[in-house]
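Visitor: I'm new to this one. Can you walk me through it, a piece at a time?
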Amino acid sequence: MVARHASPLQALLVDERFDGDIYPNEPMARHTTYRIGGPARFYVRANSLSALTQLVDVCEQEGIDWVVVGRGSNLLVSDEGYSGVVITLGRDFRSMRVDEEQHRIVAGAGVMLSAVVQEAFKRSFAGLEFAVGTPGTVGGALRMNAGSRGEWIGSRVVTVTSLVPGVGLVRRRGSEIDWNYRSTSFAPNETLLECELAVEPADPFYIRGKMEANLSTRKKNQPVNEASCGSVFKNPDGVSVGALIEELGLKGLSVGGACVSDMHANFIVNTGQATARDVLDLIDLIQTKVNEVHGIQLTPEVRFLGFE
Ligand SMILES: Cc1cc2nc3c(=O)[nH]c(=O)nc-3n(C[C@H](O)[C@H](O)[C@H](O)COP(=O)(O)OP(=O)(O)OC[C@H]3O[C@@H](n4cnc5c(N)ncnc54)[C@H](O)[C@@H]3O)c2cc1C
């Protein structure tokens, strides 16, 4: 029985047929690798396409802000939190299958990217070694066109299926999407659901060698055991932003609990008690110094949620 005064969103979320898990006022610090972020009004794990569609439709109809997130490994959420609905993809979006004959991996957007990389390795398929050690989900990787060392996920996408409000399910070829440096041409309100990735059969020793080399470079150069969002800024054309920040002597610079990593100057780490405001102020400080000395305006790679 739903109270008369319940909004359509509340009515949906209390309906026992709704196929999702609902967490009201959920601290986003629990869902970001930064371990920072105030409460989301609702954090909802949509376990099926019907639940996701119902939820997105009601938010759209009621003019309620909503966003789909993955593992929160590229997100800075404000200390005040997010007054809308944060959606994450559950059960039906967390499976993967391998087509051995066609050399394809079909992965749901809620699958961890690392699981896809491991599955490819187990089946002796090459092509995804660049992604080893990149945290997050397939959906987040697609949205961000995650990559490293001159390789990126978009170059592997054969097809991608998404949900577009007011349109429904859309399936496109990878070649129909613009895959740019840490950005893509997906519409802002498009939820990525599944993709088909092309891989090639290869010697497992070759695949393992590449993965281990990539992982050891990461461990040597990045603060992988500290809370961060990975690279904070995009590299300007032909310039390593890490080197630029390091040359200015900014390694170790801190604001509150946020600190420029000693290992990699393009990482800001949460040393324990950092607030989103600390991170934001440190971002501003770095941008100002780099601009003063080099005349370069750094663009953040990290995505922001809940800031005005
Ligand atoms: C230690 C560390 C190392 C990293 N190394 C790399 C690296 O080498 N290369 C690299 O590219 N990145 C790197 N990152 C950044 C991050 O891991 C990637 O951007 C990752 O792909 C984000 O995935 P996620 O699931 O965590 O997305 P989130 O951070 O949750 O979201 C990122 C963006 O994608 C959107 N999004 C998420 N899922 C969906 C979906 N299903 N549909 C539509 N939109 C969606 C969100 O709304 C948000 O705008 C690193 C981060 C850390 C912490």
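Visitor: Where is Gly 110 found?
Guide: Gly 110 is in the loop between strand 7 and helix 3. Helices and strands here are DSSP runs (H or I, at least four residues, for helices; E, at least two, for strands), numbered from the N terminus.

Visitor: Before we go on, what kind of model is this?
Guide: This is a predicted model: local features need pLDDT of at least 70, side-chain atom pairs count only at pLDDT 80 or more, and totals for chains, interfaces and linings use all residues. Residues are numbered from 1 along each chain as its sequence is written.

Visitor: Okay. Is Gly 110 buried or exposed?
Guide: Gly 110 is buried, because 25 other C-beta atoms lie within 10 Å. The cut-offs: buried is 20 or more other C-beta atoms within 10 Å of a residue's own, exposed is 12 or fewer, and partly exposed is in between, with C-beta atoms placed from the backbone.

Visitor: Which residues is Gly 110 in contact with?
Guide: Leaving aside neighbours within four places in sequence, Gly 110 touches Leu 89, Gly 90, Phe 93, Arg 94, Thr 137 and Gly 139. Contact means that the two C-beta atoms, placed from the backbone, lie within 7 Å.

Visitor: What about Met 112, buried or exposed?
Guide: Met 112 counts as buried, because it has 20 C-beta neighbours inside 10 Å. Met 112 is also found in the loop between strand 7 and helix 3. Met 112 and Val 160 are 48 residues apart in sequence and 16 Å apart in space, C-alpha to C-alpha.

Visitor: Let's turn to sheets. What is the order of the five strands in the open sheet?
Guide: The order is 6-7-15-11-12, and the pairing is antiparallel. Strands pair if DSSP finds at least two bridges between them.

Visitor: Which strands stand at the edges?
Guide: Strand 6 (96-99) and strand 12 (168-173) do. Each has a single partner strand, so one side of each is left without a neighbour in the sheet. The twist averages 15° from one strand to the next. Axes for that are lines fitted to C-alpha atoms, for helices over the stretch in contact, and angles run from 0 to 180 degrees between N-to-C directions.

Visitor: How many bridges join strand 7 to strand 15?
Guide: Five bridges join them, and the two run antiparallel. Strand 7 covers residues 104-108. Ile 105 stands opposite Leu 197 in strand 15.

Visitor: And strand 11 with strand 12, how many bridges there?
Guide: Six, again with the strands antiparallel. Thr 161 stands opposite Arg 171 in strand 12. Their hairpin has three residues between the strands, and Gly 166 takes a positive phi near 80° in this hairpin.

Visitor: How many of the six residues of strand 12 are buried?
Guide: Zero, so strand 12 lies largely in the open.

Visitor: Where are His 103 and Ser 124 found?
Guide: His 103 is in the loop between strand 6 and strand 7. Ser 124 is in the loop between helix 3 (113-122) and strand 8 (125-126). His 103 counts as partly exposed, with 17 C-beta neighbours inside 10 Å. Ser 124 is partly exposed, with 17 other C-beta atoms within 10 Å.

Visitor: New topic: the ligand. Which residues come nearest?
Guide: Of the 31 residues around the ligand, Gly 70, Gly 136, Gly 139, Gly 140 and Gly 230 come nearest. A residue is near if its C-beta atom, placed from the backbone, lies within 6 Å.

Visitor: Which element gives the largest share of the shell?
Guide: Helix 4 does, with five residues.

Visitor: Last one: what are the domains?
Guide: The assignment gives domain 1 (8-92), domain 2 (94-220) and domain 3 (223-305). Such bounds come from an automatic or database domain assignment. The C-alpha centres of domain 1 and domain 3 lie 28 Å apart. Their contact takes 14 residues from domain 1 and 14 residues from domain 3.
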